Amino acid sequence: AKYDVDSGDVAIKIPKKIPGEHFTDLDMITKLLAPKQSKPTTPKIEVVSSDSPLEIPDEFEWEWEQQISENTIDTTVSYGFAGNHSGVYTRFLDEYPDLLDLPEPDTTQPEERLLLMLEDLQRRFDME
């Protein structure tokens, strides 16, 4: 191995495993760095039996009436990123009542929050 201090080049001579073997395109760095082409693989889906295709009867009922009971509707209010939090401010509002402008964040619906925020902005707005 040789190191040229002036240019900062290192020259290493490594003999070929098989003397006389020729390697093409060694000067094309983009070809050397390109990902290897994958070999064609066998299909991921295999047909085991194809005696008869799947037949759906004509009288099959595709639609049905959904029944939603009032007990299954979630009425909890959530907030924060993607609505992942609820009940966070309950313990803070007792100690720090002036922490938020919203009086009851854990029970105020998002639509009502927006209206309260707009009303608060109108009330606090000062042209000067």
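Predicted model: local features only at pLDDT ≥ 70, side-chain atom pairs only at ≥ 80, totals over all residues.
Me: Why is Asp 120 called buried?
Reply: Buried means under 20% relative accessible area. Asp 120 has 15% relative accessibility, so Asp 120 counts as buried.

Me: What makes Arg 123 exposed or buried?
Reply: The cut-off for exposed is over 50%. Arg 123 has a relative accessible area of 61%, and therefore Arg 123 is exposed.

Me: How do you know that the side chains of Arg 123 and Asp 120 meet in a salt bridge?
Reply: The rule asks for a side-chain nitrogen of Lys or Arg within 4 Å of a carboxyl oxygen of Asp or Glu. Between Arg 123 and Asp 120 the N to O distance is 2.2 Å, so the pair meets the rule. Both residues lie in helix H3 (residues 110-124), three residues apart, about one turn of the helix.

Me: Which salt bridge involves Asp 25, and how is Asp 25 classed?
Reply: Asp 25 meets Lys 31 in a salt bridge, with 2.6 Å from N to O. The relative accessible area of Asp 25 is 29%, which lies between the limits of 20% and 50%, so Asp 25 is partly exposed. By the same rule, the count of salt bridges comes to three.

Me: What makes Ile 12 exposed, and where does Ile 12 lie?
Reply: Exposed means over 50%. Ile 12 has a relative accessible area of 58%, so Ile 12 is exposed. Ile 12 lies in the loop between strand S2 (9-11) and helix H1 (29-33). Tyr 3, Val 5, Val 10, Ile 12 and Ile 14 make a nonpolar surface patch of about 590 Å².

Me: What lines the largest pocket, and how is the lining classed?
Reply: The largest pocket holds about 270 Å³ of space. Its lining has 13 residues, and those nearest the centre are Asp 101, Leu 102, Arg 113, Leu 116 and Met 117. By class, the lining has seven nonpolar, six charged and no polar residues. Leu and Met count as nonpolar, Asp and Arg as charged.

Technical notes:
Residues numbered from 1 in each chain as written. Heavy atoms only, no water. 1 Å grid on protein atoms, 1.4 Å probe; cavity = no way out; pocket = protein on both sides within 12 Å on 5 of 7 lines; lining within 4 Å. Points joined across faces, edges and corners; volume = space filled by probe spheres on them. Patch = residues over 30% accessible without salt bridge, like charges linked within 9 Å, V, L, I, M, F, W, Y side chains within 5 Å. Areas by Shrake-Rupley, 256 points an atom, 1.4 Å probe, with all protein chains shown as cover. Helix = DSSP H or I, 4+ residues; strand = E, 2+ residues; numbered from the N terminus. Buried < 20%, exposed > 50% of the residue type's maximum accessible area, 1.4 Å probe, protein only.
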